[in-house]
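Please look over the model shown here before reading on. The report below takes the whole chain to begin with and then turns to a single residue.

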Amino acid sequence: MRSYSVDVGDRLTIGFLTRWNATCGVSLHAELLGRELLQRGHQIRVFAPTVESADRWWHHRIIQPDEDFVIRCYEEAEPGAVLRGGSVDAEWILSSDFDVFVVESYISIPYEAVSRILPKIRARVPTVLVVHEGAAEDLRFDQELFDAVVVFDRRYIGEVVEYTERVRIIPYPCCPVHREERPRPPELQGRMLFFSFGRQPVREYTDFLGVLERLSSRYDLLYWIVRSNGLVPVKKRWIVQWAERLSLDKLYEYLWIADVHLLPKGATRKVVVSSTVAQTLGALTPTVAPATRHFEAFPAYDGVKPVLTYRNQEELEQLLVRLVEDREFRQQVVRAAERYVQENSVEVVADAFLKLFDELLSARQIAT
């Protein structure tokens, strides 16, 4: 690990302790940021969990082979009411060179083992904590171990982290706006296509199934459900579902021909953002979701939010009918989504992180 300072503006090497190449919000955040840094000429070193330990969690699945800069050198804690186990092969990290060290913190990270090596790392380079936990009791790292603590919005301050001068708000990054007009297959001509994907629990589809059942007598509609782990146990003439683990390119191909993206989400009392929205909103297909905490911090643009939310099936039905029949409203939703993605793009977020890294490195230069 480098023990010397670097000039602000130099090409940096950033170390990440994080999930990687996996189906979860922690991984997506690190990948979006890390790959944007690579495109700008910086280097990254990724220290990731072993696949066997991370796959014990239902929402974690590896989706592509690792790059050369990825080292799988820690074991996640085991799922359960009381987290147990977890370890770090510290030598992989302590013998590596980087200028800044970023920890993407989440509930199953082996925080005790990581906390033991953080003082050694921090003695040489600045350390940054990115908080993915949604409640104070879940965040087990001591904020004092880090030079900066990054949260995604103001809700985290007080509910998850204590406010200090270390805390910075940098939003969760969005995939860029990318909209293509794709010709529809013949079987979709003249039909309304609703689309869902993912691994969400089956019960979270209940509202969508109930409302679309009623609307199927009013509109010629189709509901595509793409699942990566077990199908929804419902058979209707207007439902087509299949099992597929989607790449981002394939996901966007489906979103581009869909009329509405129905996003299943369960309620939670914890602070949370939706990595799915960050991943998909740039396709500019209107997204409808339940009014959970995932979406409460979204701004409104000219009175319309980039994700439409509902509190019950009646509100859901009204929203879907309006999207189908009111072209101007649909365009307002698309414009709101586009503006949100542009304001929270991975480019904007990477700029904010690089500014933070520069500030931390400059402070060290002044101190020495």
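What percentage of the accessible surface of the protein chain belongs to carbon and sulfur atoms? The share is 48%, out of an accessible surface of about 16500 Å², with areas taken from the Shrake-Rupley method and a 1.4 Å probe.

## Basis of the values

This is a predicted model, in which local features need pLDDT of at least 70 and side-chain atom pairs count only at pLDDT 80 or more, while totals for chains, interfaces and linings use all residues. Residues are numbered from 1 along each chain as its sequence is written, and side-chain values use heavy atoms, with hydrogens and water left out.

## The chain as a whole

The protein chain has eleven helices and 14 strands, which are DSSP runs (helices H or I, at least four residues; strands E, at least two) numbered from the N terminus. Its radius of gyration is 22 Å, close to the 21 Å that the globule rule gives for 368 residues, so the chain is as compact as a globular protein of that length; the radius is taken over C-alpha atoms, and the rule is 2.2 Å times the number of residues to the power 0.38.

Of the 368 residues, 54% count as buried, that is, under 20% relative accessible area with a 1.4 Å probe, protein chains only.

## Glutamate 104

Glutamate 104 lies in strand S5, which covers residues 100-105. The side chains of glutamate 104 and histidine 29 are joined by a polar contact of 2.8 Å (a pair of N or O atoms within 3.5 Å, where, within protein, one must be able to donate a hydrogen and the other to accept it, and residues adjacent in sequence count only if both atoms are side-chain atoms).

How values were computed. Buried means under 20% relative accessible area, exposed over 50%, partly exposed in between (1.4 Å probe, protein chains only).
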